[in-house]
Amino acid sequence: MSAKETAAVQPRKKVHLKKYLPIYLIALPGLIYLFINNYIPMAGLVVAFKNFSAKRGIWGSKWAGFKNFKYLFSTSDAFVITRNTLLYNVMFIVIGTTLAVMVAIFLADIKSRIRSQFFQSIILLPFLVSWVIISYLVFGFFSAETGFVNNTIRQGMGLAPLSWYNEPKYWPLIILAVYLWHQVGYTSIVYYASVVGIDNGYYEAADLEGATHWQKIWHITLPLIRPTIITMVLLAVGKIFYSDFGLFYQVPMNSGALFRTTGVIDTYVYKGLMEQGNIGMSAAAGLYQSCVGFVVVLLANLAVRKIDKDSAFF
Amino acid sequence: MKLKKAVALSLAAIMTMSLGSAIPASADEEKAHLIMSFRTSGAVPSEENIKKVEQKLDELIADRINAEIELIILQSSSYKDQMTLMLSGYEQLDIMGAPASLIPSAVSGEQLRDLGDLLDEYGQGIREALGEELLNCGIFDGTQYCLPVNCDTTLGLGYYIMRKDICEKYDIDPDAITNYEELTEAFQKVHDGEPEMTVVAPGSAGYSFMQFSCTWDKLGNYFGVLDHWGQDDLTVVDLFETQSYRDYLDVMRDWYKRGFISADVTNATDSGSVQIKAGNLFAMANSNKPGMLAQEQMNTGIELVGAQVLPSISWTANNWQWCIPENAEHPEEAMQFLNLLYTDPDVINTIVYGLEGEDYVIHEDGRIGYPEGVDASNVGYSVASMLWSFGNEFNAYVWETNEPDVWEQTIAWNETGYRSKAFGFVFDPSPVQNEIAAVQNVYDQYRMSLECGLVDPETTLPEMVEKMKAAGLDTIIEEKQAQLDAWAEVTGAA
């Protein structure tokens, strides 16, 4: 009996392999890339625990224990940058996802192909603009002497001009607005694809039942794209300790006065590396980001599993 | 089986062939290939023009060093970052010009070679050109890692370069201006007459006016200084709590309130000369030295005058040094070449001014200028704005906009002004690296807005001082004091 079974299973295994071989082959370059680019360099993480010296090389450098990590936590800066990084990302995830889903649903509702493609392109366009250029667009708005806001809006309302690049309190809003303008078009493409992929039969059935537009969105569209949303949010949560360097470095024009509200881990590490050239410290900060990010993903996944087992990653 | 044999055979054949072709190639490359990097504040010459200069240099040194030179010339704005990255990797670099701000991190990262023995063996000319005292400014952490440059060592502080036409229009006599009050008065006249114009801006983007407004010796960085131009004694004090610093801030606050300084000054990306050239700036802060006005006139193409409101100082701010990095493959040849750079006029003239006849011509009085039809905008090769950084500028030709005796003037100039008691002392920041990173972060939050007068020092300064103390400023000052005491003991300074 058992012999028969194995005999039956083995050819099937072979068939499986044969059937999927081309797919494995397609994946191979990607896997090799991943291995070379993401796994081999992990050995370099050892630098985070070393007093790196160019003369002695990575392996020859002396051990430093956790000294490199002390730099991150030795001042109140650590709190400020960690808080900023986390809060900005939470804000981006919540507001960014909501807006992107909204945009995707709106786009899918446009029946004319030409108009739909036109709007898609328009919304996507900012994503293709380099941060350096964006920083000057923003500067055009907020320059103290020649900016649009000071010279047109505030003057029109009879208000005194403001030195925007020295007023940290306005920057969370400015950063958020710039981020949304830049990013929403891109994220919404993914959602748009899954909204468009929904079987039209659902909507036709709902129409027959006399459902309103809003009801269709709430009861059909959203539940059906929920797995996509969860996947995207999980991916974003995994990067919650990372931040878009261009957004936080270029857009505030590296203005020191804004550090309290625009400084994030990445810009802090960059400045540390560029001013001090200390590779150990930068590696330590990178390792810290990855470890915490990894834990956060595990926790988020755990939470998702509690709520909706099918949508969890693992 | 047959197939395998065939593959093995063809592999063997390929290997032999490549081996065969490799042998003559290596025979050709007997010469040491030296890679040298430095920066320019003007346009970076094109690849092909650099090639020409490299060839000329190879010819010049051919009978003395068995080497060929490759030049890496970078924009000064990105030079330091590029070098930080090059040193961090394993790219070959045999001779590196290093701005002062790069050296401490390179020393503590053990990215530079000890030049002591090389200097003894190949660098006799450098020793003579610099003199013992100047050479000592290249000693970091007790080791000769760097070679300073012989140029103007005295810094004319509080020097303001102004447009001549506007000075004449408002009847301002720059020579009569000797202090901040008189300068403020002059600025006020210009501001009243030309309300659309920015009156004054810092010389370099990203820096405040303080770069050249010191009334102290900053001892490398600003964290722990000697007050009063280092004339009192060797007691390191906290700059940010001194009256000197507060006085400077008050002047800036006054200027800002009067509307002399642009509200966008903290975001400026253009240097003072660029803004003057563009026509919307009257004056910029800079340092003074013989030939400074000529240099800025060359940069802006506008007639300029200058007024100095603070005394000059000589301190250990050797802004540029030459190093041989760990990544060097031919350190001996590198030192031999540096020796020629410091001693052979042909070498420095070629590397700075390019090719005679093509990039410059020699006038009858010995000065040089552009050939017919060539000017700053279309010259093939010139890094003349950085002449001072090439080891020993006194060996080089004098540019036609300078007076013929500018080098004698400079030597005389170096004798003027205060000489800090800590002249020759170089601070090694590596023991307090964490503190410096933290304090620098605090400083960066306030630096530009405070030192350009945008915020009120009365409330902001105490806030900054408090945060700096929390970040470990006192530890840095203690360390600096300890190093300075040790240095004084060795050198006998008091």
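Visitor: Why does K469(B) count as partly exposed?

Guide: Buried means under 20% relative accessible area, exposed means over 50%, and partly exposed lies in between (1.4 Å probe, protein chains only). K469(B) has a relative accessibility of 31%, so this residue counts as partly exposed. Please note that this is a predicted model, in which local features need pLDDT of at least 70, side-chain atom pairs count only at pLDDT 80 or more, and totals for chains, interfaces and linings use all residues. Residues are numbered from 1 along each chain as its sequence is written, chains are lettered from A and ligands numbered from 1 in the order in which they are written, and side-chain values use heavy atoms, with hydrogens and water left out.

Visitor: What makes E241(B) and K469(B) a salt bridge?

Guide: A salt bridge is a side-chain nitrogen of Lys or Arg within 4 Å of a carboxyl oxygen of Asp or Glu. The closest N and O atoms of E241(B) and K469(B) are 3.0 Å apart, and the pair forms a salt bridge. E241(B) lies in the loop between α9 and α10 (243-258) of chain B, and K469(B) in helix α17 (residues 457-471), so the pair ties together parts that are 228 residues apart in sequence. Helices (H or I, at least four residues) and strands (E, at least two) are DSSP runs, numbered from the N terminus. With a relative accessible area of 47%, E241(B) is partly exposed.

Visitor: Which residue meets K469(B) in a salt bridge of 3.6 Å?

Guide: That residue is D474(B), whose side chain meets that of K469(B) at 3.6 Å, N to O. D474(B) has a relative accessible area of 34% and is therefore partly exposed. Elsewhere in chain B, D63(B), R64(B) and D344(B) are joined into one network by salt bridges that share partners. Over all chains, the structure holds 19 salt bridges.

Visitor: Why is K216(A) called buried?

Guide: The relative accessibility of K216(A) is 15%, so K216(A) counts as buried. Its side chain meets that of D207(A) in a salt bridge of 3.0 Å, N to O. D207(A) itself is partly exposed, at 44%.

Visitor: What joins the side chains of S312(B) and Q308(B)?

Guide: A polar contact of 3.1 Å joins them. The term denotes a pair of N or O atoms within 3.5 Å; within protein, one must be able to donate a hydrogen and the other to accept it, and residues adjacent in sequence count only if both atoms are side-chain atoms. S312(B) is found in strand β12 (residues 312-314) of chain B. Its relative accessibility is 8%, so S312(B) counts as buried.

Visitor: How many residues of chain A are in contact with chain B?

Guide: Contact means heavy atoms within 4.5 Å. In these terms, 36 residues of chain A are in contact with 31 residues of chain B. Between the two chains there are 0 salt bridges, while 7 residue pairs are in polar contact, both residues being at pLDDT 80 or more. Helix α13(A) gives the most to the side of chain A that touches chain B, with 6 residues.

Visitor: How confident is the predictor in chain B?

Guide: The predictor's confidence in each residue is its pLDDT, from 0 to 100. Chain B has a mean pLDDT of 88, and 93% of its residues reach 70 or more.
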